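Subject: Structure handover

Hello,

Here is the structure I said I would pass on. Please keep it open while you read the notes under it.

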Amino acid sequence: MNAMDTIQSADMHAAARARIAALPIEGLNPADPQWFVDDTEGYVFERLRREDPVHRSHSPVPGIDSYWSVTRYKDIMQVDTSHGIYSSEEGITLMDFPPGDEQKLPMFIAMDPPKHDAQRMAVSPIVAPANLNNWQGLIRERTVKVLDSLPRNETFNWVDLVSIELTTYMLATLFDFPLEDRRLLPHWSDMITSNKLTNPDAPDPQVRMAELRKMLEYFTRLWNERVNAPPRTDLISMLAHGPATRNMGPIEFMGNLALLIVGGNDTTRNSMTGGLLALHHHPQEMTKLRSNPALIDSLVPEIIRWQTPLAYMRRTALADTQLAGKQIKKGDKLAMWYLSGNRDEAAIPSPDRFIVDRERPRQHLSFGFGIHRCVGNRLAELQLKILWEELLRRFEVIEVVGEPKRVRSSFVRGFSHLPVRIPG
Amino acid sequence: MPKVTFISFTGGTHTVEVPPGTTLMHAATDNRVPGIDGDCGGNCACATCHVYVEQTWLQRLGARTATEEEMLNCVPERQDGSRLACQIALTDALDGLIVNMPEAQH
């Protein structure tokens, strides 16, 4: 991209900001995926934090309808740590499906204690420090392999050749999934998160369900192989042997698999893309990084803050309550807009700047807080750390040569395309 | 001013002295003691300030809160002496406190 592109982009952003400032606030619906496609959602959140931090929002999408948008860091922290008032059991996305609808999969992210605790505790040993140590070598080996086979002097899609490829390898490792079939994992991840009501390009619900059934069949086969074998350290074996999970039914198994595939997949994927884009837009930060690679330790959490791969998490009020002076009614749904909280200057200094050597880079909302805080957070960071170590070692220049294409979603904040060229 | 010693998983020690009322978590993070993260800033919301407190000291600390108990369920290698450092306020009565740190925060 040249200087002219940057100027045009700045003009477009200034125009968007002005346009959003002129809109009546009652109509502002942050969940409209168009904001995210256009990369202008930040201006919506800026207004809401300032003018209506707990904002009654309305979506035209049936199943989303009305909800509260919580946009300040402090209020999000309060909701996230009050699971006794704000439940996860009705789901963690804004879309409500009719009861019995097959779209909803049972998973521990969408459960309250005590059931949540038992399932989470069965899964969390997979990312215990010892396991992370054991995987470091394999992660690095695969990262090196992928980076060394990237094309030189030609434009390619970073999302496909790097972000998807690396996170797929990692997920296959977690599950000890047959490597030759590993591309099924991001395929299923995309099926799980797809929603035709918000994205017309998504598959039809029946097609989606058929694909998810295939996923269940495949994993059931792996389960059956491993349940009769001695316990191993892959996720399927852990689920098959863990006392809290070995008797779970096929739908619950599918739900927890879905959670681990999505949680471990497109979030890390989008951070891998987002980090490169951020450094491209902040060249002075790349200079700092190159002259001091030890800054990777603070780069990684800053990338995760900047990208906020899951823009929000939804909760449902179990009783009438108050939040920042607003009356919340029992049954109301709320969106904790992590993306907005991560730009809240009341909590984070210079939040709209990408800074690779922040003093407290880990203080961000992207992993959530409270009992549902992301189980895989250290694994995500480890993958990003290794990626940047190997990138800095290998390539003096990594050029982003065009605009990214963003995913049409207000939940998953990500990219489908980023054109990159590595001279060599 | 109360002094506290942090012992790392590999045996290294860091002793810091802090004003009374400082939480054990801030005692570590303000003094860049490696091994305590405190990602949530001390809100009992992340369990990344996990420490092990030996029995005789443990008895001298207040009881764990309900939230602290819950968050401790998230840590790998929970033990009897497990505490979250953000929930312990250092006072002169706790001068000389020694705590052990886990292999890593989760």
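Predicted model: local features only at pLDDT ≥ 70, side-chain atom pairs only at ≥ 80, totals over all residues.

Residues are numbered from 1 along each chain as its sequence is written, and chains are lettered from A and ligands numbered from 1 in the order in which they are written.

Chain B has three helices and five strands (DSSP runs, H or I of at least four residues for helices and E of at least two for strands, numbered from the N terminus). Their order along the sequence is β-β-α-β-α-α-β-β. The radius of gyration of chain B, 12 Å, is close to the 13 Å that the globule rule gives for 106 residues, so chain B is as compact as a globular protein of that length. That radius is taken over C-alpha atoms, and the rule is 2.2 Å times the number of residues to the power 0.38. Of the 106 residues, 38% are buried (20 or more other C-beta atoms within 10 Å of the residue's own; exposed means 12 or fewer, partly exposed in between, with C-beta atoms placed from the backbone).

The contact between the chains takes 16 residues from chain A and 15 residues from chain B; two residues are in contact if their C-beta atoms, placed from the backbone, lie within 7 Å. On the chain A side, α4 (73–80) and α5 (115–123) each supply at least two residues.

In chain A, helix α3 (residues 41–51) has the buried residues A:Glu41, A:Val44, A:Phe45, A:Leu48 and A:Arg49. Seen down the axis of α3(A), these fall within an arc of 130°, so they line one face of the helix (the arc is that of the directions from the helix axis to the C-beta atoms). The face turned away from them carries the exposed residues A:Arg50 and A:Glu51.

Chain A also has an open sheet of three strands in the order β4-β12-β9, with antiparallel pairing (two strands pair if DSSP finds at least two bridges between them). β4 (155–157) and β9 (399–400) of chain A stand at the edges with a single partner strand each, so one side of each has no neighbour in the sheet. Three bridges join β4(A) to β12 (residues 419–421) of chain A, and A:Phe156 stands opposite A:Val420 in β12(A).

Regards
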